[in-house]
Amino acid sequence: MSVPFSVLDLSPVVSGSTSGQALRNTLDLARHTENLGFHRYWLAEHHAMPGIASSATAVLIGQVAAATERLRVGSGGIMLPNHAPMVVAEQFGTLEALFPGRIDLGLGRAPGTDQATARALRRSPDALSADDFPEQVHELRAYFGEQSKVTPAAGNEPPVWLLGSSGYSARLAGMLGLPFAFAHHFSAENTLPALQIYRESFRPSVLAEPYALIAVSVTAAETDVEARELARPQALSFLRLRQGRPGLLPSPEEAAAHPYTPLESEIIQARLDSQVVGGRESVRSQMDALLESTKADEVMVTTMVYDQADRLRSYDILADLYDLSAAGSPVASGV
């Protein structure tokens, strides 16, 4: 199955460490995965979450692009309702001017945070609705036009992607003829319906044919048992987020010692079951099945584990399983 593999990084801040170390780990992982043959590297915008250090997404994209040579680097994504479209155009026009042909602009319509933080970002309760997302996308793209007066956006439009975890952005991406990235890593039950909506609603425009990427949570290790142990901390982190208690990514020891209620154990199990977790054979089997069922054009892997060495090794295993160093980048024109 010859599809490109890419990386989604939230710059996890782990228990006992700092945001500075998380950001240095991001640069380390970007260089490492570039050498392995991964195609692109996206950073995600989240706010007021102690365990995620990628909140200043455009700044971090510039740092990753400067630290690498061939990777496409972008946003997975910029939450457009949090920002004035002109400011996003200036930021990404600057990035595209500095790193021509290597920048992606992925856009989402969720706040990426709680309502109080969203209000602080947007500076007005009147701006908390995402209902005008299509108009914001149109306004943003207009700033990249050759006749635009917005510098350095004019003439420096990176590929624009729409991101989603439901059918809304899938339909909009299809209608606009844009590439679409689906958040399978936290909305697995909606993956197939959303991809069907995207493909059925696609109208050739920017792209001649639909191009669908799925973001998948992967924890690969030498054995299934080890992989489940490494994956459990991010499942506990997700549980705490669901409970309104976001925090640092716990260690495997913390995750093992947590006094789970029966309901919490069910949530943890469901979370792990929606991911690709296991030793080499298990990961290959699960990933092949996912590619077959979704017919995805590209897979973007996010790996949230406590130890940086384990994170690097997980990507090593995946690259080895799919021979990424020799696969090249069979990416559709315009993407």
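Leaving aside its neighbours within four places in sequence, with which residues is Pro 12 in contact? Pro 12 is in contact with Ala 22, Gly 51, Leu 249, Met 304 and Arg 311, where contact means heavy atoms within 4.5 Å. The model is predicted, with local features needing pLDDT of at least 70 and side-chain atom pairs counting only at pLDDT 80 or more, while totals for chains, interfaces and linings use all residues. Residues are numbered from 1 along each chain as its sequence is written, and side-chain values use heavy atoms, with hydrogens and water left out.

**Overall chain**

- The secondary structure of the chain comes to 13 helices and 9 strands, taken as DSSP runs numbered from the N terminus (H or I with at least four residues for helices, E with at least two for strands).
- Along the principal axes, the C-alpha atoms of the chain fill a box of roughly 60 × 45 × 40 Å.
- Of the 335 residues, 53% count as buried (buried means under 20% relative accessible area, exposed over 50% and partly exposed in between, with a 1.4 Å probe and protein chains only).
- Among contacts in the chain with a separation of 6 or more, 74% are accounted for by residues 24 or more positions apart.

**Pro 12**

- Pro 12 lies in the loop between β1 (5-9) and α1, and it counts as buried because its relative accessibility is 7%.
- Pro 12 and Thr 223 are 211 residues apart in sequence and 24 Å apart in space, C-alpha to C-alpha.

**Helices α1 and α2**

- Helix α1 (residues 19-36) and helix α2 (residues 57-67) pack at an angle of about 40°, with their axes 9 Å apart; axes are lines fitted to C-alpha atoms, for helices over the stretch in contact, and angles run from 0 to 180 degrees between N-to-C directions.
- α1 and α2 are therefore oblique to each other (angles under 35 degrees count as roughly parallel, over 145 as roughly antiparallel, 65 to 115 as roughly perpendicular and the rest as oblique).
- Leu 23, Thr 26, Leu 27, Ala 30 and Arg 31 in α1 meet Leu 60, Gln 63, Val 64 and Ala 67 in α2.
- By class, this contact of α1 with α2 has 6 nonpolar, 2 polar and 1 charged residues (Ala, Val, Leu, Ile, Met, Phe, Trp, Tyr, Cys and Pro count as nonpolar, Asp, Glu, Lys and Arg as charged, and the others, Gly among them, as polar).

**Helices α6 and α7, with Arg 171**

- The axes of helix α6 (residues 167-176) and helix α7 (residues 191-201) come within 7 Å and cross at roughly 20°, which makes α6 roughly parallel to α7.
- Arg 171 lies in helix α6 and counts as partly exposed, at 42% relative accessibility.
- Leaving aside its neighbours within four places in sequence, Arg 171 is in contact with Ile 197 and Ser 201.
- Arg 171 and Phe 202 are 31 residues apart in sequence, and their C-alpha atoms are 7.7 Å apart in space.

**Helices α11 and α12**

- Helix α11 (residues 280-294) and helix α12 (residues 308-321) have axes that come within 10 Å and cross at roughly 65°.
- Arg 280, Val 283, Arg 284 and Met 287 in α11 meet Ile 317, Leu 318, Asp 320 and Leu 321 in α12, and by class this contact has 5 nonpolar, no polar and 3 charged residues.
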